[in-house]
Amino acid sequence: MEQQAIKEYIAESVDVAVIGAGHAGVEAALAAARLGKKAVIFSVSMDAVANLPCNPSIGGTAKGHLVREIDALGGEMGKAADAVTIQSRMLNRGKGPAVHSLRAQVDRTRYHSYMKRALENQENLLLKQAEIVDIRVENQAVRAVVTAMGAVYPCKTVIICTGTFLGGKIFVGEFSQASGPDGLHAPTRLSESLKQLGMPLRRFKTGTPARVHRDSIDFSQLEVQKGEDPIIPFSYATHIPPENAVDCHIAYTNADTHRVIREHLHRSPLYSGVIEGIGPRYCPSIEDKVVRFQDKERHQVFVEPMGLDTKEMYLQGMSSSLPEEAQIQLYRTVKGFEKLQIIRNAYAIEYDCVDPTGLKPTLEFKHISGLYGAGQFNGTSGYEEAAAQGLMAGINASRLIDGQEGVVLERSSSYIGTLIDDLVTKGCQDPYRMMTSRSEYRLLLRQDNADSRLTPLGYEIGLISEERWKMFHVKQLMLEQEEKRLRTATIAPSEALNERLRQLGTAELRTGIKLAELIKRPQVGYGDIREFDSSRDDAVGADIVEQVEINIKYEGYIQKQLAQVQQMKKMEQTLIPEDIVYQQLDGIRLEAREKLNRIRPCSLGQASRISGVSPSDISVLMIYLAQQKGQAEGMQ
Amino acid sequence: MQEPPFSCKIGDTGYDAFRESCDSGGMEECCVKGTTIAAISTPVGSGGIGMIRISGEEAIAVAERVFHPYGGKELDKQKGYTGCLGKIWDGDEPVDEAIAFVYRAPKSYTGENVVELSCHGGVYVMQRVLRLCLKHGARPAEPGEFTKRAFLNGKMDLVQAESVMQLIQAQGDAAMRAALSTRDGAVSREIEAVSDVLLEQAAHLAAWADYPEEDLIPVDETALQAALAQVEQRLQKLLATCDGGRVVKEGVRTAIVGKPNVGKSTLMNLLAGEEKSIVTDIPGTTRDVVEDSVRMGDLVLHLYDTAGIRDTEDVIEQIGVEKARNVLESTDLVLAVFDSSQELGTYDWEIMETLREKPVIAIVNKIDMPRQLDMDAIEQRFSDVVALSARSGDGMSRLEERIREKIHVDKLDASQPILSNERQRAAVAAALESVTLARGALQGGMTYDAINVELDFALEALMELVGKRVTDAVVDQVFHQFCVGK
């Protein structure tokens, strides 16, 4: 039944309107408000602010790097996670500094509360529980957003952070219904508005496992996984680290589990073809795993607590869209899960998102000024990827209003820069997850040096407080001094030291040697010889020692990657004018011309990363740009 | 207020600052070698004079590392527009005499510092000189790159620029076609095959790093080491084939076999063009395996005369066959000499038997004397037979022709393959270096993330040739190969 026409009213004029209050929306709104913009953030439910609808954890490989980078730039995610961490570990210890990654189990409801409070306490920021149904655009620039109840918010910029809500539809076996995650309302009218703005939408899908009752698990059958003490916090501003309060557990699927899955496969919406959305490759459902990797005898299941005040447990590795009946059956085949009680069943969810190649590297839409996209709406997956984009969109929307140049992070500066460059240059065919292997500069972009890389920029943008800036200086100074000391101070041979070196399987010393030289040996960690280092200053923190040690030990590799950066730099800095007409460039092959015209790269560097654009095409483009520049100078 | 330790500009990225912080230990130069380029810049006809052009900031420095003027005045001290005579050196070994012309920026074709080395050598000497330049800091020029630089440095007007763009595109296409052509196809396929081996290892390391909690097959260091060793070996081999083989790079190892007094020494001297070994009619005057290098057009033949003459005939033949066998082990080409004036002896039959698997040219010598030889037997056994008289020189040009044919030299096109080959070669050499470093680091106990940096470098070098990006390829492989995810 058609509703009566809604009477619109002008609610309030703002600078920045953020649609959605998930991880992207929260960072975007906080950044804009902190940069002095009047901002409003809309959510279909205020109880869904910064919800963790999937795993109750923040960080992980490459994602932990993202959180550190968000923090280094002045974002909130790291601090929030630190405040509600209930278990934490540094993953990949022993695999080398490039891939060390922090991952914390967090309390889901407290994470939500923390972020909601952060929004509430933020000056210049309005919180509204409302569904946005329309984005008004005039002359290719955003003018206003409109709520379902007819409130019109005139605004200068809009950031779309709709996550998995927009056009959301969930699937459990034959059952499906329009719904956002965790049973929340899924807006659909905004999709229509976006299509009218000339934005082709596409469908992606993802899924989540069941939440089960802790008391129904026989933990004696499971392996325990403890946190790591002391916890290393995400935020460089967290001085009192959280403590490990819970254990996680590991269970395994078996032949029975796989049999039940195969028996019910025909009832999976994915395999019966009901789901049209494209799912993430890295995040397969348990039925995907069983089908694709048939020779694998068992798959791991991680049992993670959802928080301190609940008995709900998350079963990482058991995402499924099989019917509820099959879910119960298959989960109960796992040793220790025989009496398992499901509280919330697993489901797959399909949602509307855009092709991110329609975005500039500032995350602003190419064809609509002032309109930005961030998070899963842009085709990514994961809380951290969303937050990173939200932060950058919030910064850039604010700068657009002030007439300032947008902030674009280079690939060599950060995982955030890599993420966004990948999205806007190459697009994504399935939900994009950050991985360390996506960066060609892994040894430069470490989680230990995110502040060195990004905090000066965060300060210049205006998101780093004076107090934090001072702290940063002190730390950099200490780093410098410690590195200088290790490179100049010598260590003398002694019986005890040589005994230690023998134990480590490396050559003994005959004469004194620079500490740095000794640390460069792969077998030797600074910790191993620290007691023999007579000039050490015990006040120097472990984080500083670690970073310096990495700089020394991996010097050669770091230099190599820096040289690579330097090589790309000129290309990155050669900008391509926005109004370039590729059709006129005869020297460029048709395929490349078409791609360049669609992506419209900002720099030669970006152009060179577009698939289908060859080195000769780039040469021609380079000459064309030089020619144009020559003409412009000639006219002056 | 205290100066901030970093200068950081928006639109930049804080990268400079970051770099400073990495540098802060007073490391020495971390700058990249400038983009100095080199290429053979004349269409290289066989045996003609050719020119290698080096352009870029480091051009003079690169040239100095390979060229030493006779006068002793360093190139760096030369004025622009001047030339000097000297020698090209590969370490201690002289390669060719050459004239070096120095042009100083901006007064040069490209507008950069330019050195032009004009050598007299043929294709292979030129290629060797170019390679020396590449070894000493230049990189191979892209198609049309000199012209492109000339334009970018304002040495050309706008109308010219238009045609340059089309030229570059045309040459790029040609290079791409060449890479896909049948002749280069084998190299491309091998490069892809090697890339796949590396990719598999890189993907395994990536999955292992990116999915620490999945119970993936652990990285097996022995297998990794073995894979790297395999790749190293294949790249080394590839490098040799990129050269058109050792034959082209180092010359053709050519053995001259034949029974005593068949005219081997005479033939050798004839080829060498001067009297090196004593030639007499008395068997036994050649004392040992004689070695000499002779130039035949673009080609260098390293000749090995295998005769060693002692006392009795039986023993002679015994030793002769053995010696011949030893030398034959490592030769590229055999010249089997038969005496037209005598019937085939045991030794001749032995030789014919031994040479079954070898590229052989049969030479029937002494055609100026009455024939006793059974030519049919020779022609049945060998597909290449040349009749000549070493004494008079009759038939020598036919022999030269046949030698060139046999090792396909005249089928090598002069300019384009060298250009595309140089790029392939540089890429393969770079990949090889990284793989070797990776192996060393692995043995030294370095963490896998560092090993991975080297693997990436190697892959990048190789995959550039097939137009792929490493990170994408690795990520795709991870998903393809491993069961990962929540």
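This is a predicted model: local features need pLDDT of at least 70, side-chain atom pairs count only at pLDDT 80 or more; totals for chains, interfaces and linings use all residues.

## Second largest cavity

Chain A supplies A:Lys95, A:Val99, A:Thr436, A:Ser437 and A:Arg442. From chain B come B:Leu205, B:Ala206, B:Trp208, B:Ala209, B:Tyr448, B:Asp449 and B:Asn452. Helix 6 of chain B gives the most, with four residues.

The lining has six nonpolar, three polar and three charged residues. The volume of this cavity is about 70 Å³. The count of cavities of 30 Å³ or more comes to seven.

## Second largest pocket

The second largest pocket has a volume of about 1,100 Å³. Its lining holds 41 residues. Nearest the centre lie A:Pro361, A:Thr362, A:Val408, A:Leu575 and A:Cys602.

Three helices of chain A each supply at least two lining residues: helix 9 (383-401), helix 10 (415-426) and helix 17 (555-573). By class, the pocket lining divides into 18 nonpolar, nine polar and 14 charged residues.

## Nonpolar surface patch

On the surface, B:Tyr70, B:Leu85, B:Ile99 and B:Phe101 form a nonpolar patch. Together they have about 350 Å² of accessible area.

B:Ile99 belongs to strand 5 (residues 93-103) of chain B. Is B:Ile99 buried, partly exposed or exposed? B:Ile99 counts as partly exposed because its relative accessible area is 34%, and that class runs between the 20% and 50% cut-offs.

Methods. Residues are numbered from 1 along each chain as its sequence is written. Chains are lettered from A and ligands numbered from 1 in the order in which they are written. Side-chain values use heavy atoms; hydrogens and water are left out. On a 1 Å grid over the protein atoms alone, a cavity is a set of points where a 1.4 Å probe fits but cannot get out, and a pocket is an open set with protein on both sides within 12 Å along at least five of seven lines; lining residues have an atom within 4 Å of a point. Grid points are joined across faces, edges and corners, and a volume is the space filled by probe spheres set on the points. Ala, Val, Leu, Ile, Met, Phe, Trp, Tyr, Cys and Pro count as nonpolar, Asp, Glu, Lys and Arg as charged, and the others, Gly among them, as polar. Patches are made of residues with over 30% relative accessible area and no salt bridge: like charges are joined within 9 Å, nonpolar side chains (Val, Leu, Ile, Met, Phe, Trp, Tyr) within 5 Å. Accessible areas come from the Shrake-Rupley method with a 1.4 Å probe; for residues, only the protein chains shown count as cover. A salt bridge is a side-chain nitrogen of Lys or Arg within 4 Å of a carboxyl oxygen of Asp or Glu. Buried means under 20% relative accessible area, exposed over 50%, partly exposed in between (1.4 Å probe, protein chains only).
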